[in-house]
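Work through the following exercises with the sequence and the model at hand. Each task is followed by a worked solution.

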Protein chains: 2
Amino acid sequence: MIEIAVDMMGSDLGPTVLAKAVKDYHREHKDIHFTCFGKENVLKEAFQGEEGITIVNTTEVIPMEIKPLDFLRRKDSSMYRAIESVRNKTCQAVVSAGSTGGFISGATILLRNIPGVTRAGLCAAFPTCRKDKAAVILDVGANNVNTAEDLVCFAKMGRIYAKEVLKEENPKVYTLSNGLEEGKGTDEIVAAYKLLKESNFPGFMGNTEAREVLDGEHDVVVTPGFSGNILLKACEGTASLVSKLTKKAFLKNLFTKIGYLFAKGGFKDMKESMNYKKYGGAILLGVNGVAVKGHGNSDAYAFYNAIDVARRMVENHIVEKIEEIGK
Amino acid sequence: MIEIAVDMMGSDLGPTVLAKAVKDYHREHKDIHFTCFGKENVLKEAFQGEEGITIVNTTEVIPMEIKPLDFLRRKDSSMYRAIESVRNKTCQAVVSAGSTGGFISGATILLRNIPGVTRAGLCAAFPTCRKDKAAVILDVGANNVNTAEDLVCFAKMGRIYAKEVLKEENPKVYTLSNGLEEGKGTDEIVAAYKLLKESNFPGFMGNTEAREVLDGEHDVVVTPGFSGNILLKACEGTASLVSKLTKKAFLKNLFTKIGYLFAKGGFKDMKESMNYKKYGGAILLGVNGVAVKGHGNSDAYAFYNAIDVARRMVENHIVEKIEEIGK
């Protein structure tokens with residue numbers, strides 16, 4: 001039996017949407033038990049008639065923007081209690097669609113880094129050119145600045161994730177830089193390249209550029225958190241811009257509208273390819289426990305997939321495998 | 001009369017394509033004189049029958065990847081000579097579609113920074129949601145790391161460019177970060193935010209995120225070169241991914257192909273909106289002279305627009321206006 005803690009509060013679309021995901025997942029996976037943290041009356045109504053789900057009443061909600069110290073003061077918040085249940089081993093994984101900043105602070109402070117992990121990294125799977133092939137990128141925002149040693153650690157953790165969870169047998173690993181040649185980029189990137197190359201890091205392919213990471217050939221891309229966050233949001237922003245323009249193109253006049261009726265079958269596939277929701281969320285790799293952060297605006301489908309990532313992390317013993325790094 | 005120096009060598013598509021742009025521009029702008037640097041026999045053929053264009057024979061070509069010292073050794077390369085002609089005031093602007101690294105090294109070393117400019121910044125205009133509205137982003141790759149003072153300088157130069165060249169009356173200026181609130185981001189971003197806010201910098205709107213920069217509301221976005229380069233290439237990469245998937249969607253089956261025939265009018269507008277080629281290239285702001293770098297794979301249309309940017313830079317006295325910053 002796998003015990004998953006769910007922070008039901010603080011997401012954009014509210015607990016009812018998340019409850020649908022939990023119920024759907026619960027019905028299809030009898031070996032998973034859920035402990036859901038949030039306002040009791042709200043959750044009782046959302047889970048009405050559903051058996052085998054534990055509800056834990058919490059009185060506070062972590063707001064979207066919160067400082068680490070403020071997080072620690074809100075000890076009876078759904079997010080704090082959910083993370084705490086992993087710390088005290090009641091649950092094996094925590095899933096939340098609440099504040100990203102709060103979740104990162106909370107998980108790194110309460111769960112602490114695995115010995116040997118210099119910094120935890122937020123790891124996101126990006127959709128690529130190739131159907132059902134994701135590129136794993138970390139860190140996308142747990143840190144601002146990272147040392148070369150952090151980047152090497154990200155490479156190790158990202159590789160474990162790509163291998164064990166995404167079942168990529170020989171993951172290709174890259175450092176994100178502003179040019180392909182060795183020596184390009186900031187001091188940390190240059191030093192990380194050297195460390196990875198000199199240690200014959202398995203699958204290390206050298207530098208890559210942001211233009212290439214979605215080409216379907218990249219399994220793991222490591223970057224300091226600040227630039228990883230820029231990369232993630234630039235991809236999201238451009239995809240959203242193009243999607244708006246596509247809609248506008250089809251709505252231009254009667255002809256283009258008729259065109260849409262004929263073409264929509266093709267665009268359904270495309271939407272599916274580009275749908276980051278199927279990857280469920282970002283994983284905080286490197287802490288003592290499975291911690292998955294769904295997108296703030298997760299719908300039931302996205303949150304279902306975030307739960308699925310958590311289950312696969314537990315089943316494939318990712319935390320234990322990361323512990324090996326430090327030994 | 002405006003004198004423009006053109007580096008004809010080292011671009012992906014070769015001198016004939018660039019010559020077409022020069023010829024087209026020359027015919028439409030009788031007040032512009034061109035001095036074209038490159039292999040004489042190649043250029044003579046490319047400009048056959050065209051009057052009033054000066055050809056200067058050069059024996060070397062700067063390769064795509066070059067270190068600053070190697071650049072300085074190639075004194076008879078088309079790029080060196082073209083930049084040199086601006087240094088010795090023979091020409092008022094230089095345009096190249098060759099090596100970006102070489103061009104940045106060459107222009108910063110040969111032309112030097114304007115007094116008061118801590119670092120020159122490569123400035124690119126990005127297409128946005130709003131038709132014919134560009135977002136000016138700098139630095140996109142002249143530097144790796146930048147100080148808060150550099151970022152303030154980028155804000156000043158970007159604002160001058162948006163106001164004088166893009167004719168945006170009250171440009172909105174942002175710092176690129178990983179969150180909107182003051183205090184988010186790396187130390188340099190936090191410090192730059194503070195400097196801009198405390199000096200009541202005209203139009204300073206605070207932080208922005210990479211997801212928002214293409215929304216049509218941003219005029220100037222300042223960032224250290226490394227993250228700016230990631231932003232630029234992530235936008236390019238995602239746009240190219242989506243464009244590939246769109247093509248695939250329309251080619252899926254007979255229905256989707258018929259759909260394309262009906263819808264293509266709408267997509268033509270979209271392509272035009274997204275076409276970064278209409279912005280011609282990136283401008284190295286902060287050096288003593290107008291230096292415009294077209295995309296390596298510039299076609300005649302893109303290079304024509306790069307030339308046009310150079311002319312507008314000269315006509316609007318951008319270098320002189322940046323000199324005011326230091327006074």
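**Exercise 1.** Which handedness does the crossing of α6(A) and α7(A) have?

Solution. The model is a predicted one, in which local features need pLDDT of at least 70, side-chain atom pairs count only at pLDDT 80 or more, and totals for chains, interfaces and linings use all residues. Residues are numbered from 1 along each chain as its sequence is written, chains are lettered from A and ligands numbered from 1 in the order in which they are written, and side-chain values use heavy atoms, with hydrogens and water left out.

Step 1. Locate the helices: α6 of chain A spans residues 148–164, and α7 of chain A spans residues 187–198. Helices (H or I, at least four residues) and strands (E, at least two) are DSSP runs, numbered from the N terminus.

Step 2. The crossing of α6(A) and α7(A) is right-handed. A crossing is right-handed if the near helix is turned clockwise from the far one by less than a right angle, and left-handed if anticlockwise.

Step 3. The two axes are 8 Å apart, and the helices pack at an angle of about 50 degrees. Axes are lines fitted to C-alpha atoms, for helices over the stretch in contact, and angles run from 0 to 180 degrees between N-to-C directions.

Step 4. α6(A) and α7(A) are therefore oblique to each other. Under 35 degrees counts as roughly parallel, over 145 as roughly antiparallel, 65 to 115 as roughly perpendicular and the rest as oblique.

Step 5. On the α6(A) side the contact (heavy atoms within 4.5 Å) is made by A148(A), E149(A), L151(A), V152(A) and A155(A). On the α7(A) side the residues are E188(A), I189(A), A191(A), A192(A), L195(A) and L196(A).

Step 6. By class, the contact of α6(A) with α7(A) has nine nonpolar, no polar and two charged residues. Ala, Val, Leu, Ile, Met, Phe, Trp, Tyr, Cys and Pro count as nonpolar, Asp, Glu, Lys and Arg as charged, and the others, Gly among them, as polar.

**Exercise 2.** Describe the packing of α6(B) and α7(B).

Solution. Step 1. In chain B, α6(B) and α7(B) (residues 187–198) pack at about 50 degrees, their axes 8 Å apart. That makes α6(B) oblique to α7(B).

Step 2. α6(B) passes α7(B) in a right-handed crossing.

**Exercise 3.** How many residues of chain B are in contact with chain A?

Solution. Step 1. In chain B, 51 residues are in contact with 51 residues of chain A.

Step 2. The two chains bury about 4,700 Å² between them, 71% of it on carbon and sulfur atoms. Buried area is the accessible area (1.4 Å probe) that two parts lose on being put together, summed over both.

Step 3. R211(B), F226(B) and F262(B) supply 14% of the area that chain B buries against chain A, more than any other three residues.

Step 4. Helix α8 of each chain (residues 225–250) takes part: the axes of α8(A) and α8(B) come within 8 Å and cross at roughly 35 degrees. This crossing of α8(A) and α8(B) is right-handed.

Step 5. Among the residues making the contact are F226(A), I230(A) and F250(A) of α8(A), and F226(B), I230(B) and F250(B) of α8(B). The residues of the contact of α8(A) with α8(B) divide into 16 nonpolar, four polar and no charged.

**Exercise 4.** Which residue forms a salt bridge with K233(A)?

Solution. Step 1. A salt bridge is a side-chain nitrogen of Lys or Arg within 4 Å of a carboxyl oxygen of Asp or Glu. By this rule there are six across the interface of chain B and chain A, and the count over all chains is 43.

Step 2. K233(A) pairs with E209(B), the closest N and O atoms being 2.2 Å apart.

**Exercise 5.** Where is the cis peptide bond of chain A?

Solution. Step 1. The cis bond joins L138(A) and D139(A), with omega about 5 degrees.

Step 2. D139(A) is found in the loop between β6 (134–138) and α6 of chain A.
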